[in-house]
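This report describes aromatic rings and nonpolar packing in one protein. Please consult the sequence and the structure shown here while reading.

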Amino acid sequence: NEITFRYVADDSQTVVVDYQAVNGTVDPEQDVIREADAAGLSESVNAEAATGYEFDAWYKGSVDEANKLGLPEDPTAEDVKAVLNTNADSGLYEATTLVANYTPKSDAGYKVHYVLDGTEDAEEPTYLSDDKVVSGVEFDKQFSEVAATIDGYRLADDETSPKTVTAGYGNNEITFRYVA
């Protein structure tokens, strides 16, 4: 006499895999998977950096060097399954949070202008010195600039120095206005 038991995965026993991004986006943001075999994982997770950021790594739980994973930026279901939390006793999958981390690029910049007061909004402002052009700096980082000393001119009465600018792409500029 032989008795055969047949087991099937219980579709009602699920756990959540959360996908998060720091300085970027992920799609999907969540998968609900069967705890027995991880059925329900998306074919891939699409992660994308925000402007000015680049992919660093995926982390399990939180962004900490000890939690760093070797996943590609857009991991497949197989990649994700390999790093999911599992119960040591039962071997069942457990809730897991995976975080795509993006760090600032170092390709941003800003400009500093030195103009005659009253001409700063003109089509052709009167520049009293060459612009200071800063490039190759960390995106979204703030920098402080002090007005240059220009012979025969002083800062306009309502002008302040130093001024702060945030490095980026495009119109990241400081203008110092001077009077004779």
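Contact means heavy atoms within 4.5 Å. By this criterion, and not counting residues up to four places away in sequence, Tyr19 touches Val26, Pro28, Glu29, Gln30, Asp31, Leu41, Val45, Trp58, Val80 and Leu98.

The model is predicted, so local features need pLDDT of at least 70 and side-chain atom pairs count only at pLDDT 80 or more, while totals for chains, interfaces and linings use all residues. Residues are numbered from 1 along each chain as its sequence is written, and side-chain values use heavy atoms, with hydrogens and water left out.

Tyr19 is also among the residues with the most contacts inside the largest nonpolar core, together with Ile33, Leu41, Trp58 and Leu84. This core has 36 residues; a nonpolar core is a set of buried Ala, Val, Leu, Ile, Met, Phe, Trp, Tyr and Cys residues joined through side-chain atoms within 4.5 Å. Strand S8 gives the most to this core, with four residues; strands are DSSP runs (E, at least two residues), numbered from the N terminus.

Seven aromatic pairs are found in the whole structure. Rings of Phe, Tyr and Trp (its six-membered ring) pair if their centres lie within 6.5 Å; planes under 30 degrees apart count as stacked, over 60 as edge-to-face and the rest as tilted. The rings of Tyr114 and Tyr178 have centres 6.4 Å apart and planes at 50°, so this pair is tilted. Tyr114 and Tyr178 lie 64 residues apart, in strands S8 and S13 respectively. Both residues are tabulated below; buried means under 20% relative accessible area, exposed over 50% and partly exposed in between (1.4 Å probe, protein chains only).

| Residue | Relative accessible area | Class |
|---|---|---|
| Tyr114 | 6% | buried |
| Tyr178 | 2% | buried |

Finally, Tyr53, Phe139 and Tyr169 form one aromatic cluster.
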